[in-house]
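Okay, thanks for coming, everyone.

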Amino acid sequence: MKEIFTKTNPWKLLLNYSIPAVIATSVQALYNIVDRIYIGKGLGTDALAGVTITFPVFILSIAIAVLVGNGSSSIISIRLGEGKKDQAEHTLGNVFGLFILAGIIVTTLGITFLKPVLTLVGATDVTMPYAYNYLIWFLPFMTTDFLAMGTNGVIRSEGNPKLAMRIAIIGTVLNIILDPIFLFVFNLGVQGVAMATSISRLVTMAMVIYHFTKGKSRHLTLYRKYLFPKWHIFKPMLAIGLSPFSMNLATTFVAIFSNRALLTHGGSMAIGAFGAIQSIFVMFETPLRGLMMGAQPVIGYNFGAKLHDRVSSLLKASYIYSLLISLTGLLLVFFFGNTLVSMFSKGDPELVKMGTSGLKIYLALIPLVGLHMMTVMYYQAIGKAKQAITLNLLRKIIIFLPALFILPNYFGLKGVWAATPIADGIACIIALAMIYYELKSWK
């Protein structure tokens with residue numbers, strides 16, 4: 001592992017670790033995207049709007065998964081780079097223990113307060129039944145969901161990115177197979193889609209546990225004695241994980257305020273269109289997240305080994321690769337936007353027209369999103385949580401929310417869509433300024 005991380009050409013090394021991560025995160029994102037496609041095509045606009053309403057709850061679950069999962073991936077890669085295997089395995093045990101505890105808490109609170117929460121995030125009399133039936137079958141499997149999502153990065157951090165990719169692919173393919181069976185054959189509606197997702201996550205979790213307990217891992221073994229969380233072990237992982245957690249938590253609040261703005265300026269149809277736009281955005285943002293996940297343990301390891309020149313080269317390579325990914329997405333949006341939105345519609349021309357128009361505005365500056373994300377990744381990888389959190393909050397809260405409150409008053413629904421690229425652009429400029437002075441200080 002040391003030879004690979006410290007001797008391989010940085011551009012090749014980043015590709016070797018990022019391509020499996022890009023594939024793994026992309027297929028994981030298909031869980032939610034496929035759900036929305038089947039719901040939009042099979043049950044119509046109201047059902048799509050209902051499931052879109054649940055997006056803040058879904059993002060909150062991701063936030064918890066990355067709080068522990070991403071933070072632990074960085075810590076484990078740094079500890080392995082330092083040659084401290086024992087501490088890396090102690091961290092792994094705490095990851096599993098924290099996810100089990102978090103799953104129990106979230107399931108209990110979620111089911112108890114489900115209807116008030118859905119009302120808070122924007123559910124109406126029309127969309128409430130769909131949102132409720134979807135989540136009531138999703139929430140009981142939160143521990144499974146956390147372990148399936150949050151441990152994928154740990155497998156990559158121990159130097160096994162291809163296995164992480166295979167596990168993610170198996171779970172996603174299973175979900176794609178089960179969705180139409182539960183929705184159309186068993187006629188279970190949105191709850192059938194949620195059941196298909198939960199079963200797929202259960203299978204993924206089982207594969208992860210088998211990997212770490214049956215001696216299949218290259219460097220790490222899961223020990224029962226390390227499951228009980230200890231503050232001195234999980235404190236550093238939470239400190240690093242706070243950055244992606246803050247980003248996803250901010251996304252939760254953004255989704256809540258966005259739903260309300262959409263209801264005001266476009267009604268349930270706008271929320272349905274937003275569901276399609278969000279899913280398409282995830283298609284292009286997810287490869288960028290995969291690039292982040294692939295680069296993070298590599299940069300963390302080299303930083304731990306004090307190879308600063310390699311860290312700089314890896315960061316530059318991540319910028320170039322992110323631009324290639326995001327520019328490809330931008331071209332697809334502008335040339336095939338109508339086709340992409342139509343995947344989520346049951347033959348509703350108004351939804352397709354509204355969604356296509358909003359999509360081109362919403363993703364207008366996605367190349368800058370990639371540059372911003374790579375800068376955040378760098379600060380996460382080297383353990384500078386404050387800088388990473390600040391950059392996330394700038395994009396998601398500090399700049400976005402004022403734009404969301406102001407622009408619709410002048411531009412209506414287009415103002416709702418435009419708030420996102422404005423926040424992306426300003427946050428990216430600040431991020432690049434920060435990284436410029438960071439690299440300059442090394443010299």
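I'll start with the ground rules, then go to the helix pairs, then to the residues.

So, this is a predicted model: local features need pLDDT of at least 70, side-chain atom pairs count only at pLDDT 80 or more, and totals for chains, interfaces and linings use all residues. Residues are numbered from 1 along each chain as its sequence is written, and side-chain values use heavy atoms, with hydrogens and water left out.

When I say helix, I mean a DSSP run of H or I with at least four residues, numbered from the N terminus. Two packed helices are described by the angle between their axes and the distance between the axes. The axes here are lines fitted to C-alpha atoms over the stretch in contact, and angles run from 0 to 180 degrees between N-to-C directions.

First pair: helix α4, residues 55-81, and helix α5, residues 85-112. Their axes come within 9 Å and cross at roughly 175°. α4 and α5 are therefore roughly antiparallel (that label is for angles over 145 degrees; under 35 is roughly parallel, 65 to 115 roughly perpendicular, and the rest oblique). Who touches whom, with contact meaning heavy atoms within 4.5 Å? On the α4 side you have, among them, Ile64, Val68, Ser72 and Arg79, and α5 brings residues including Lys85, Thr91, Leu98 and Val106. By class, the contact of α4 with α5 has 13 nonpolar, four polar and two charged residues. For those classes, Ala, Val, Leu, Ile, Met, Phe, Trp, Tyr, Cys and Pro are nonpolar, Asp, Glu, Lys and Arg are charged, and the others, Gly among them, are polar.

The contact of α4 with α8 has six nonpolar, three polar and one charged residues. From α4 it is Ser61, Ile62, Ile64, Ala65 and Gly69, and they meet Met142, Asp145, Phe146, Met149 and Gly150 in α8.

Now the single residues. Leaving aside neighbours within four places in sequence, histidine 90 is in contact with Tyr226, Lys230 and Ile233.

Serine 18 sits in helix α2, residues 10-43, and is buried as well, at 3%. With the neighbours within four places set aside, serine 18 touches Gly290, Leu291, Gly294 and Ala295.

Isoleucine 53 is in helix α3, residues 45-53, and has a relative accessible area of 0%, so it's buried. Beyond four places in sequence, its contacts include Leu118, Val121, Asn259 and Ile271. The C-alpha of isoleucine 53 is 18 Å from that of methionine 354, 301 residues apart along the chain. Methionine 354 is one of the buried residues in α14.

Most residues other than glycine have a negative phi. Asparagine 187 isn't a glycine, yet has a positive phi of about 55°. Where is asparagine 187? In the loop between α10 and α11, and it is exposed, with a relative accessible area of 64%.

Conventions: Helices (H or I, at least four residues) and strands (E, at least two) are DSSP runs, numbered from the N terminus. Contact means heavy atoms within 4.5 Å. Buried means under 20% relative accessible area, exposed over 50%, partly exposed in between (1.4 Å probe, protein chains only).
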